[in-house]
Amino acid sequence: MTPTEPQKLGRYEVLEEIGKGAMGVVYLARDPLIGRLVALKTFRAGFAAKDDELAQFRSRFVREAQSAGILSHPNIVTIHDVVDEGANGVCFIAMEYVKGTNLKQLLQRTEPFSPAFVGELVAQIAEALDYAHSRGVIHRDIKPANILITADNKVKITDFGIARLDTSNLTMEGQLLGTPNYMAPEQIQARDVDHRADIFSLGVVFYEILTRKKPFQGENLTQVTHKIVYEPFTPPEEIVRGLAPAMSKILSRCLEKDPNRRYPRASEVARELRAVIEQAESLDDTAGTQEVTPVPSEPEMIPTRRLDRAEIAAAVAAEAGAAAPPAEVAPPVPSPG
């Protein structure tokens, strides 16, 4: 432990720092009451921001606990506790400690992935999303950095910091929330967003796992957002040799620009992917691993400041010459019972 690390946060004994982000630090800690290791995600109020921005960030931080706290699924990081002692006090979330890596780090390795591994990984993410959607929670920031993978290849989705509860109005009005490379067209255009935006983001992640490239790339935020809203992506079979047509078809439907043309539920993505895997195994598929054309790594396009809806709408409209029509909103996803 370094001199700057706290020895305790609340009742938790801090062991070491295991991560750091724009909004705070993540510590590995021990709960002395039951001896359980936990990850403590802290809110750091000391960075340069206006008072109203701090209040919004803190609200977003606590909302992560509220969103994920109502979820209990093997592929979603469990929230154990949240401590918020007010504006001048400590604020942190105690969550399940996942020993492993995240998908962003995994994608930096050079080893190719087998089709079965890719399909099973995406299917697990889809099942977790379907469960969250059935509980009224939309993640809105699905990306490789928010997908943890255990040593036995089990997925754990984390970071529900900008998730929306269907029953909540705790959204940041006028702000572009999410990571632009992985956002759905309706998010970029500030239209109504439902669970199908997560399915589009899942498609972006799916594409990146297969090809090691993002489907919509550009030199700046304006180019990236314009491509997401208006331009097609390079078919994955042009990059990945021997890609099963059925898998490419599933990916393409996830990445439909019109939400009504995507899968209505993430569970359907999981079901169809597993069917493709089973069919390949039954035919004693000998393709081995996917051969991917080497490409340079593409950094995530992260704004240097928060953009309001007017700015991003103007940027997209300037590129396209006209604004796109609003999307229809599908009815809520029914609970599985």
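## Helix α3 against helix α5

From α3 come Val118, Leu121, Val122, Ile125, Ala126, Leu129 and His133. From α5 come Asp198, Leu202, Phe206, Ile209 and Leu210. To meet, or to be in contact, is to have heavy atoms within 4.5 Å. By class, the contact of α3 with α5 has ten nonpolar residues, one polar and one charged. Ala, Val, Leu, Ile, Met, Phe, Trp, Tyr, Cys and Pro count as nonpolar; Asp, Glu, Lys and Arg count as charged; the others, Gly among them, count as polar.

Two packed helices are described by the angle between their axes and the distance between the axes. For α3 and α5, the axes come within 11 Å and cross at roughly 165°. Axes are lines fitted to C-alpha atoms, for helices over the stretch in contact, and angles between N-to-C directions run from 0 to 180 degrees. The two helices are therefore roughly antiparallel. The cut-offs are under 35 degrees for roughly parallel, over 145 for roughly antiparallel, 65 to 115 for roughly perpendicular, and oblique for the rest. The crossing of α3 past α5 is right-handed. A crossing is right-handed if the near helix is turned clockwise from the far one by less than a right angle, and left-handed if anticlockwise.

## Isoleucine 125

Isoleucine 125 sits in α3, which covers residues 115-134. Is isoleucine 125 buried or exposed? The residue is buried, because its relative accessible area is 0%. Buried means under 20%, exposed over 50%, and partly exposed in between, using a 1.4 Å probe and protein chains only.

Leaving out residues up to four places away in sequence, isoleucine 125 touches Ile147, Val155, Ile157 and Leu202.

## Helix α5 against helix α7

Helix α5 spans residues 196-211, and helix α7 spans residues 245-254. Their axes are 8 Å apart, and the packing angle is about 140°. That angle makes α5 oblique to α7. Here the crossing is left-handed.

On the α5 side, the contact residues are Ile199, Phe200, Gly203, Phe206, Tyr207 and Leu210. On the α7 side, they are Met247, Ile250, Leu251 and Cys254. Nine of the contact residues are nonpolar, one is polar and none is charged.

## Helix α7 against helix α8

Helix α8 runs over residues 266-282. Its axis and that of α7 come within 10 Å and cross at roughly 165°. This pair is therefore roughly antiparallel. α7 passes α8 in a left-handed crossing.

Ala246, Met247, Ile250 and Cys254 in α7 meet Val269, Glu272, Leu273 and Val276 in α8. The contact of α7 with α8 has seven nonpolar residues, no polar ones and one charged.

Arginine 140 has a positive phi of about 75°, although it is not a glycine. Its loop runs between β8 (137-138) and β9 (147-150). Arginine 140 is buried, because its relative accessible area is 12%. Asparagine 153 also has a positive phi, near 65°, and is not a glycine. Asparagine 153 lies in the loop between β9 and β10 (155-157). With a relative accessible area of 38%, asparagine 153 is partly exposed.

Where is threonine 234? It is in the loop between α6 (221-230) and β12 (240-241). Threonine 234 is partly exposed, with a relative accessible area of 36%. Apart from neighbours within four places in sequence, threonine 234 is in contact with Tyr207 and Ile239. The C-alpha atoms of threonine 234 and phenylalanine 216 are separated by 8.7 Å, and the two residues are 18 apart along the chain.

## The whole chain

The protein chain has nine helices and 13 strands. Helices (H or I, at least four residues) and strands (E, at least two) are DSSP runs, numbered from the N terminus. Of the 337 residues in the chain, 48% are buried. Among contacts with a separation of 6 or more, 67% join residues 24 or more positions apart. The accessible surface comes to about 16200 Å², with 51% belonging to carbon and sulfur atoms. Accessible areas come from the Shrake-Rupley method with a 1.4 Å probe, and for residues only the protein chains shown count as cover.

## How to read the values

Residues are numbered from 1 along each chain as its sequence is written, and side-chain values use heavy atoms, with hydrogens and water left out. Since the model is predicted, local features need pLDDT of at least 70 and side-chain atom pairs count only at pLDDT 80 or more, while totals for chains, interfaces and linings use all residues.
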